[in-house]
Amino acid sequence: MTAHENAVQRISIVGTGYVGLSTAVCFASRGYDVIASTRSEDKVHSINAKRAPFHEPGLDEAVRTSIESGHLRAEISRSEAVRQTEVTFLTVGTPERADGTIDLRYVISASEDIGRALKRKNAYHLVVVKSTVTPGTVRGPVKVALEEASGLVAGSDFGLCTNPEFLRQGSAIRDTLHPDRVIIGEYDTRSGQQLANLFEGFYDPAIPILTMSLESAEMVKYASNTFLAMKISYANEMARICEGVPGVDVSKVMAGVGLDERINPRFLNAGAGFGGSCLPKDTKALCKFAEEQGYSAPLLRATLAVNKAQAFHVAQLALSTLGEPRDKKVALLGLAFKPDTDDLREAQSLTVARTLLKAGAHVSAFDPVVKQVSLPGFEELDYPPSTSACLAGAHCCIILTEWEQFKRLTPDDFIQFMATPAVVDARRIFDPHEFGNRLTFLAVGVGRELDVCRTSVRDNEE
Ligand code: UDX
């Protein structure tokens, strides 16, 4: 390996979604020279004008400082981006096809573009696939596209790695800078070593870096996301059981369960279920992938089935408070699939809204960031400009996203504005005792009589 390879300084990122842009600003913030390449002129314009092209806490500020420091610029041309740098991270999306399988079209066309650029570059270059792809994709179609377009050979003329990303929307920058672990899938030792060298200069030395085969690294991403999805569906299944048992509250149960170090308390929050751009898509894609190999993946199927049922269940809880739903108004607080994002992809709120509209209810929705749903089937949804306007005259309210501002609402806020104060807490942000004593209150995972055994240390001391 040459000294030059040890000291990568110029990095290009192809794709400027959550992963691409977070990676770009984080490298730029640590003094690397970064070119972020996107096909969208609007995004190029926005980034170069120092604005993040989508809502993500801290991203606007990070884009601004990166551009002002001269360490980041956005560029349409992928070939320029590759030509002027030593390493390229490929971060384009891998959406889901109608049958649940992964759509590799953007990954392949980006690989072809990178390959064409490598043909003209005439120097060793490292290509790192960050996009989520099923095992075998990088060694298969990605390598083929790169080699055919460049006329070069992977492993000798250019390096090839995969490096799955585990960031969460809403904390994308923090997660990019401080991951629990870094996974490198290497095509050959030289590629893996070059990426490890880059990361050793970038991450805190306490962060473990694991190197493995391309396929194992691709699989780590799916195995992690589906495990998280399974934890949530497990909590939601427990919630359904708890609801039938007076005196039980699933959040107390999961607090008790999560203290077992073998389990840990995270991703055990029962609620409306999981949405977003990764957990649903990756679970479906791994299911399909397993099926193609002749294995039906019953655990993954159950994870998806419980999640789907949970959104209908939340809508059902609301309908149970309404009697005849026609001419009744339901207020939805929250639309985004989680707080601190404007992303509606696979949001459980959409299934809840659709079910209520189908039942004949009037549905109003307020979200601090998502201003409307521009998808077919939601034309009748109403978008009042504030929480109070959304609650005004409503017969039931459902909490669908746990935004901080909703957590501050009190029973009086609902009593004051609603026609009949009934609340379905599908994200467990309210105290069931406090709310249950003042209004009709149904919460995911709370048995009909409230949990009267007070178990926390603090409660025992009182
Ligand atoms: C997820 C993974 O966490 C991340 O590692 C991966 O890189 C991308 O996919 P993200 O989709 O941004 O991240 O959000 P996440 O925080 O995982 O939440 C996903 C969904 O699960 C949300 O709808 C959230 O409301 C729900 N969720 C999460 C629960 O219902 N209960 C929980 O306990 C945790």
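How far is an oxygen atom of the ligand from an N or O atom in the side chain of Lys221? The distance is 3.4 Å. This falls under the term polar contact, here a pair of N or O atoms within 3.5 Å. (Within protein, one atom must be able to donate a hydrogen and the other to accept it, and residues adjacent in sequence count only if both atoms are side-chain atoms.)

The model is predicted, local features need pLDDT of at least 70, side-chain atom pairs count only at pLDDT 80 or more, and totals for chains, interfaces and linings use all residues. Residues are numbered from 1 along each chain as its sequence is written, and side-chain values use heavy atoms, with hydrogens and water left out.

**The ligand and its shell**

| Residue | Protein atom | Distance |
|---|---|---|
| Lys221 | side-chain N or O | 3.4 Å |
| Asn269 | backbone N or O | 2.9 Å |
| Lys338 | polar side-chain atom | 2.8 Å |

On its own the ligand has 670 Å² of accessible area, and the protein covers 92% of that. Such areas come from the Shrake-Rupley method with a 1.4 Å probe; for residues, only the protein chains shown count as cover.

There are 20 residues around the ligand, and Phe166, Leu167, Gln169, Phe337 and Lys338 come nearest. A residue is near a molecule or strand if one of its heavy atoms lies within 4 Å of it. By class, 10 are nonpolar, 5 polar and 5 charged. Ala, Val, Leu, Ile, Met, Phe, Trp, Tyr, Cys and Pro count as nonpolar, Asp, Glu, Lys and Arg as charged, and the others, Gly among them, as polar.

Helix H10 (residues 214-243) gives the largest share of the shell, 4 residues. Helices (H or I, at least four residues) and strands (E, at least two) are DSSP runs, numbered from the N terminus.

**Two domains**

The chain is divided into domain 1 (3-207) and domain 2 (242-443), with bounds from an automatic or database domain assignment. Because both domains give residues to the shell, the ligand lies between them. Their centres, taken over C-alpha atoms, are 35 Å apart. In contact (heavy atoms within 4.5 Å) are 17 residues of domain 1 and 17 residues of domain 2.

**Confidence**

The mean pLDDT (the predictor's confidence in each residue, from 0 to 100) of the chain is 94, and 96% of its residues reach 70 or more. Over residues 1-5 pLDDT stays under 50, and over residues 450-462 pLDDT also stays under 50. Where pLDDT is low, the predicted coordinates should not be read in detail.
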